[in-house]
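Dear colleague,

I am handing over the structure below, together with notes on what was found in it. Please read the notes with the coordinates open beside them.

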Amino acid sequence: MATTTRLLQVRSLLLLARSAQVRGWCAANQALSGSLSCWNTGSHTSSISQPHQQHLLLLSPFQGFAAHYAKVKGGRKSGKHKPAEESEDDDAAAAEAQQPEFDPIPYRRLMEQAVEHLTLELSGVRTGRANPGLIENILVDAHGEHMPVKACGTVTVRNPQLLAVTLYDAELAGAVARAIRNSPLSLNPSSSEGGELLVQLPRVTKDTIDRMIKLVSVEAEGAQQSIRRARQKGMDAIKKAFKSASADEKKRTEKEFQKLHDQFVADVERLTKAKDAELREHVS
């Protein structure tokens, strides 16, 4: 009866070892080792029949099997063996992380700013009555820096043919007058008793229109230069980002970025032609 009870205990331990997790396997393994060691001592072997002893000896390999199974299950639980789906996800994430990164938005914004500045400049080039925008964006070399006339003073309209510049700093009168005189408009400002600069606009003639058209061309060229500089910065960023990528990927990205550049250049040309046509309508 005792022998049968022991055998049932051993078999129960084996069944428990097959269904338990890592800790259960370890516990079952220890319990199994203890049970077998007890059966191998001389105090009990004498009371066990020969067939039962042989049956217990055949059970001893299951001790190694339990330990091996627990090791495998423990490895899976600790993350050493990941499911196939998780491995595929990790590989996809790693591949995506290795993809070159190029963000065209900063360079696109630089090109947009160039077009916006050109639009503002052209809005001040008008025929007819005097308009502050005609001179307030002319660059002045003041205190070693280049700044527009509107940063040096306030431009107001005195009459349809006269503009007045009220300077914030009277010492800048010479620099502002020189900048207006050397501009494509070829205007000739003069000083007033109140420290203002007076800019007399000539009556609209063909020569006046030609000067305005020249001014438009200068502004358009400045915008195109800004767009080209933004393009060069973008191309340098692409070259750096795709340094380890295939030549086809790099070439494809450069082609798309070139299209972006061409769009803004086309915008500059469109604005320039529209302003040129507007000015030429006043030529008699």
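**Notes on the structure**

Leaving aside neighbours within four places in sequence, Q224 is in contact with V265, V268 and E269, where contact means heavy atoms within 4.5 Å. Q224 itself is found in helix α10, and at 16% relative accessibility this residue counts as buried; buried means under 20% relative accessible area, exposed over 50% and partly exposed in between, with a 1.4 Å probe and protein chains only. Helices (H or I, at least four residues) and strands (E, at least two) are DSSP runs, numbered from the N terminus.

Before going further, please note that this is a predicted model, in which local features need pLDDT of at least 70 and side-chain atom pairs count only at pLDDT 80 or more, while totals for chains, interfaces and linings use all residues. Residues are numbered from 1 along each chain as its sequence is written, and side-chain values use heavy atoms, with hydrogens and water left out.

**Overall make-up**

The protein has 11 helices and 6 strands, and 33% of its 284 residues count as buried. Among contacts in the protein with a separation of 6 or more, 64% are between residues 24 or more positions apart.

For α7, the 19 residues should span 27 Å at 1.5 Å a residue, and the end C-alpha atoms are 27 Å apart, which agrees; the expected span is 1.5 Å times one less than the number of residues. The buried residues of α7 are Y107, M111, A114, V115, L118, E121 and L122. Seen down the helix axis, these buried residues fall within an arc of 125°, so they line one face of α7, the arc being that of the directions from the helix axis to the C-beta atoms. As background, an α-helix has 3.6 residues a turn, so residues three or four places apart point the same way. The buried residues of α7 pack against α10 (206-241) and α11.

Helix α11 has 34 residues and reaches 49 Å from its first C-alpha to its last, close to the 50 Å expected at 1.5 Å a residue. Its buried residues include T253, F257, L260, H261, F264, V265 and V268, and what covers the buried residues of α11 includes α7 and α10. T253, which lies in α11, touches F102, I238 and F242 when residues up to four places away in sequence are not counted. T253 and P104 are 149 residues apart in sequence, yet 9.9 Å apart in space, C-alpha to C-alpha.

**Aromatic pairs**

The structure holds 3 aromatic pairs; rings of Phe, Tyr and Trp (its six-membered ring) pair if their centres lie within 6.5 Å, and planes under 30 degrees apart count as stacked, over 60 as edge-to-face and the rest as tilted. F102 and Y107 form a stacked pair, at 5.9 Å centre to centre with 10° between the planes. F102 counts as buried at 19% relative accessibility, and Y107 counts as buried at 18%. F102 also forms an edge-to-face pair with F257, at 5.7 Å centre to centre with 85° between the planes. Because F102 lies in the loop between α6 (84-97) and α7 (105-123) and F257 in helix α11 (residues 247-280), this pair ties together parts that are 155 residues apart in sequence.

**Two loop residues**

I135 has its place in the loop between α7 and β1 and is buried, with a relative accessible area of 0%. Leaving aside neighbours within four places in sequence, I135 is in contact with V149, V155, L163, V165, I180, L187 and V199.

H143 is found in the loop between β1 (139-142) and β2 (145-148), and at 63% relative accessibility this residue counts as exposed. H143 has a positive phi of about 55° although it is not a glycine. Most residues other than glycine have a negative phi.

**The largest pocket**

The largest pocket is lined by 21 residues, of which E121, N137, I138, L139 and E219 lie nearest its centre. On a 1 Å grid over the protein atoms alone, a pocket is an open set of points where a 1.4 Å probe fits, with protein on both sides within 12 Å along at least five of seven lines, and lining residues have an atom within 4 Å of a point. α10 gives the most to this lining, with 6 residues.

With best regards
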